[in-house]
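Here is a friendly briefing to read alongside the coordinates.

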Amino acid sequence: MIFQPFRVTPHSPNKDEVQRAIVTSKTPIQKLHEYGTKHGKIPTYVLEKAEGEAHRPSFVFSVTIGDVCAKGEGVSKKAAKHMAAEDALHLLQVDTVATSLPVKSESNDVVAESNGHANSVGTLQELSLQKGWRLPKYTTLMETGPPHMQEFTITCAMESLSETAVGSSKKAAKKAAAEKMVAKLQSLSGSSEITWTPEPRVPFENLKNSSAEKISFIRRNPLSMPNTDYIHLMAELSEEQSFDVAYLDIDELTANGQYQCLVELSTSPVTVCHGTGISRGNAHNAAAHTALQYIKIMASTKQNAQTGTEGTF
């Protein structure tokens, strides 16, 4: 759950508007603390569980307030505490609607939102981690105009969906593309709550049992041939085995000045591998190479167990 500051046009709010905005922007944790202070029962939070991989963590917090105990799960400790507090408020029958509803100010043309698109980029990031999707990928398609009036065209790709937007800066275009993606996901879900799901991921068991041409080639041949186009080989394999491949560039260079990237495969469990190189293309090729080596090991496990031999990679 993401809570954002209100977006308002310049005007002089009256006392009622300010009070309403303050009440509406309170988080479940704040509301539960106020409830506890009022009734002499201070809530106590305990981290019950922390698990998952680095790119998809999961935390579980419990909160106890008087005789009521509730739990919440999230992709961060803060999110898990928020969910636990919200569940406790529900059990205590304390109104929580105000924390998620948009509030109209006195001027009819302004909508102040606590869960709107003020940070759609962050919304998509958290959504992908929560649902185990591939991270959204932003690509600059075009830069036009003179330096003082530039326009940037950026596309946002998430799973099988993509949206494109234009902005006066890369940041503005990226935000606009993310907002359009959130709107599309809500449209596909039929409500503001995003329930849309992409095509199912490809289980590694499918790769282990496959005897198709490309996966068989990878099992039989060493992946150490010089000047090999591993990106192309990965593309052929992904088409054969029906999984998606996404390369995510990392802006920061390595300590020795090389480019970095991650490659994500829509397998189950998801595969994420790292690559570096003297150019972005070389970094992509290195990441694809590492991912193919991982697939080679995983896809050969069952056959090695059947034959009683160990593969050498």
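In which strand is the place of cysteine 69? Cysteine 69 sits in strand β3, which covers residues 68–74. Please keep in mind that this is a predicted model.

**Around cysteine 69**
- Leaving aside neighbours within four places in sequence, cysteine 69 is in contact with Val63, Thr64 and Leu91.
- Proline 43 lies 26 residues from cysteine 69 in sequence, and their C-alpha atoms are 9.4 Å apart.

**The sheet β6-β7-β8**
- Three strands form an open sheet in the order β6-β7-β8, and their pairing is antiparallel.
- β6 (137–144) and β8 (161–167) are the edge strands; each has a single partner, so one side of each is left without a neighbour in the sheet.
- On average, neighbouring strands of this sheet are turned by 20 degrees against each other, direction ignored.
- β6 and β7 (residues 151–158) run antiparallel and are joined by 7 bridges.
- If you want a residue pair to click on, methionine 142 stands opposite threonine 153 in β7.

**Helices lying across that sheet**
- Helix α4, made of residues 120–131, lies across β6 and β7 and runs at about 20 degrees to β7.
- Helix α5, made of residues 170–189, lies across β6, β7 and β8, at about 145 degrees to β8.

**Salt bridges**
- How many salt bridges does a search of the whole structure find? The search finds 5.
- In a salt bridge between lysine 170 and glutamate 143, the side chains meet with an N to O distance of 3.5 Å.
- This pair links distant parts of the chain, with lysine 170 in helix α5 and glutamate 143 in strand β6, 27 residues apart.

**The second largest pocket**
- Rolling a probe the size of a water molecule over the atoms shows where empty space is left.
- The volume of the second largest pocket is about 590 Å³.
- Its lining consists of 17 residues, and those nearest the centre of the pocket are Lys137, Tyr138, Lys174, Asp249 and Asp251.
- Which elements each supply at least two residues of this lining? They include α4, β6, α5 and β10.
- By residue class, the lining of the second largest pocket divides into 8 nonpolar, 3 polar and 6 charged residues.

**The sheet β10-β11-β13**
- Another open sheet of 3 strands has the order β10-β11-β13, again with antiparallel pairing.
- Why is one side of β10 and of β13 left without a neighbour in the sheet? Both strands, β10 (245–250) and β13 (271–277), stand at the edges, so each has a single partner strand.
- From one strand to the next, the twist of this sheet averages 25 degrees.
- β11, spanning residues 259–265, pairs with β13 over 7 bridges in the antiparallel sense.
- Across that pairing, leucine 265 stands opposite threonine 271 in β13.

**Around histidine 289**
- Histidine 289 belongs to helix α9, which runs over residues 280–307.
- Not counting residues up to four places away in sequence, histidine 289 touches Leu223 and Tyr230.
- Isoleucine 231 is 58 residues from histidine 289 along the chain, yet 7.7 Å separates their C-alpha atoms.

Technical notes:
Residues numbered from 1 in each chain as written. Predicted model: local features only at pLDDT ≥ 70, side-chain atom pairs only at ≥ 80, totals over all residues. Heavy atoms only, no water. Pairing = 2+ DSSP bridges. Helix = DSSP H or I, 4+ residues; strand = E, 2+ residues; numbered from the N terminus. Axes fitted to C-alpha atoms, helices over the stretch in contact; angles between N-to-C directions. Contact = heavy atoms within 4.5 Å. 1 Å grid on protein atoms, 1.4 Å probe; cavity = no way out; pocket = protein on both sides within 12 Å on 5 of 7 lines; lining within 4 Å. Points joined across faces, edges and corners; volume = space filled by probe spheres on them. Nonpolar A, V, L, I, M, F, W, Y, C, P; charged D, E, K, R; others polar. Salt bridge = Lys/Arg side-chain N within 4 Å of Asp/Glu carboxyl O.
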